[in-house]
There are 2 protein chains.
Amino acid sequence: MNVIERYWAVIEARDWPGLAGLLTTDVVYELPQTRERIRGRERYLRFNAEYPGDWHLTVERTHVDTGGGASWTAFTVGDETVPALTFFRLDGAALIARITDFWPEPYDPPPGREHLVERY
Amino acid sequence: MNVIERYWAVIEARDWPGLAGLLTTDVVYELPQTRERIRGRERYLRFNAEYPGDWHLTVERTHVDTGGGASWTAFTVGDETVPALTFFRLDGAALIARITDFWPEPYDPPPGREHLVERY
């Protein structure tokens with residue numbers, strides 16, 4: 001397992017001490033869509049522990065190289081499944097120092113490209 | 001430059017022969033938010049060449065490992081800049097075989113976490 005796979009495994013397991021062990025003490029978590037930022041491991045652990053709903057996740061893709069990585073996960077709550085895209089920066093000890101989450105929503109396709117696309 | 005950096009450089013340059021040289025002939029492009037799919041290099045080149053607007057892009061992050069990678073780019077049209085998250089699968093010759101694009105939109109933060117977050 002790479003560090004991003006471990007990150008998602010401990011979150012799915014609600015293993016908060018395990019999550020703490022993957023993060024720098026001054027980790028920064030950002031949500032560019034809402035322009036929310038959480039500073040520090042303690043607050044970020046609490047954000048995860050307090051997150052409402054009986055959510056479960058599966059990992060679709062992870063890619064890790066020097067300095068960071070990205071993942072595509074699928075979050076399910078009840079009958080609904082939504083994708084999450086996450087970018088990570090790692091420090092020199094391969095601890096997660098920065099996390100940026102995106103939660104894209106469905107939208108209607110714009111007109112003008114029907115001659116090229118199929119729907120699935 | 002890794003293959004994803006080359007991909008974005010030729011797209012920004014509108015270098016369609018250069019883009020063709022990075023793709024498998026049967027490349028598949030998908031937009032999960034609209035459930036649109038484009039099959040094949042010729043159609044995908046046309047989709048890019050026909051894409052409306054005087055858009056420009058900058059690359060925020062790329063991460064590439066064996067078999068694929070991911071990028072976070074920022075697309076600007078006029079005064080508006082929006083993020084795009086893209087996942088890639090590579091074939092054995094490091095050509096791009098599959099592209100999945102996400103275009104997340106701003107949304108209002110849900111209540112209940114104001115004690116943990118700051119806005120930026």
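Does A:Arg37 count as buried or exposed, and at what relative accessibility? At 15% relative accessibility, A:Arg37 counts as buried, where buried means under 20% relative accessible area, exposed over 50% and partly exposed in between (1.4 Å probe, protein chains only). The structure is a predicted model, in which local features need pLDDT of at least 70, side-chain atom pairs count only at pLDDT 80 or more, and totals for chains, interfaces and linings use all residues. Residues are numbered from 1 along each chain as its sequence is written, chains are lettered from A and ligands numbered from 1 in the order in which they are written, and side-chain values use heavy atoms, with hydrogens and water left out.

The overall build of chain A comes next. Chain A holds three helices and seven strands; helices (H or I, at least four residues) and strands (E, at least two) are DSSP runs, numbered from the N terminus. Along the sequence these elements follow the pattern α-α-β-β-α-β-β-β-β-β. The C-alpha trace of chain A spans about 50 × 35 × 30 Å along its principal axes. Of the 120 residues in chain A, 46% are buried. Chain A exposes about 5,900 Å², and carbon and sulfur atoms supply 52% of this area; accessible areas come from the Shrake-Rupley method with a 1.4 Å probe, and for residues only the protein chains shown count as cover. Among contacts in chain A (heavy atoms within 4.5 Å) between residues at least 6 apart in sequence, 40% join residues at least 24 apart.

Leaving aside neighbours within four places in sequence, A:Ala20 is in contact with A:Arg41 and A:Leu45. Between A:Ala20 and A:Gly92 there are 72 residues of separation in sequence and 17 Å in space, C-alpha to C-alpha.

Charged pairs were examined next. Over all chains, a search of the whole structure finds 14 salt bridges, a salt bridge being a side-chain nitrogen of Lys or Arg within 4 Å of a carboxyl oxygen of Asp or Glu. One of them links A:Arg37 to B:Glu118, at 2.9 Å from N to O. A:Arg37 lies in strand 2 (residues 36-39) of chain A and B:Glu118 in strand 7 (residues 118-119) of chain B, so the pair joins two chains. While A:Arg37 is buried, B:Glu118 is partly exposed at 30% relative accessibility.

Within chain A, the side chains of A:Arg46 and A:Glu50 meet in a salt bridge of 2.6 Å, N to O. Both residues belong to helix 3 (residues 41-50) of chain A and stand four residues apart, about one turn of the helix. A:Arg46 is partly exposed at 44% relative accessibility, and A:Glu50 is partly exposed at 38%. Salt bridges that share partners also join A:Glu30, A:Arg37, A:Arg39, A:Arg98 and B:Glu118 into one network. A further salt bridge pairs A:Glu12 with A:Arg14, with the closest N and O atoms 3.8 Å apart. Here A:Glu12 is partly exposed, with a relative accessible area of 26%, and A:Arg14 is partly exposed as well, at 28%.

The search for open space used a 1 Å grid over the protein atoms alone: a pocket is an open set of points where a 1.4 Å probe fits, with protein on both sides within 12 Å along at least five of seven lines, and lining residues have an atom within 4 Å of a point. Grid points are joined across faces, edges and corners, and a volume is the space filled by probe spheres set on the points. The largest pocket holds about 930 Å³ of space. Of its 36 lining residues, B:Phe75, B:Thr81, B:Val82, B:Pro83 and B:Trp103 are the closest to the centre. Elements of chain B that give two or more residues to this lining include helix 1 (3-12), strand 1 (23-31) and strand 5 (80-90), and strand 4 of chain B gives the most, with six residues. By class, the lining has 23 nonpolar, five polar and eight charged residues; Ala, Val, Leu, Ile, Met, Phe, Trp, Tyr, Cys and Pro count as nonpolar, Asp, Glu, Lys and Arg as charged, and the others, Gly among them, as polar.

The second largest pocket has a volume of about 570 Å³. Its lining comprises 25 residues, of which A:Tyr51, A:Phe75, A:Val82, A:Trp103 and B:Tyr107 lie nearest the centre. This lining divides into 19 nonpolar, two polar and four charged residues.
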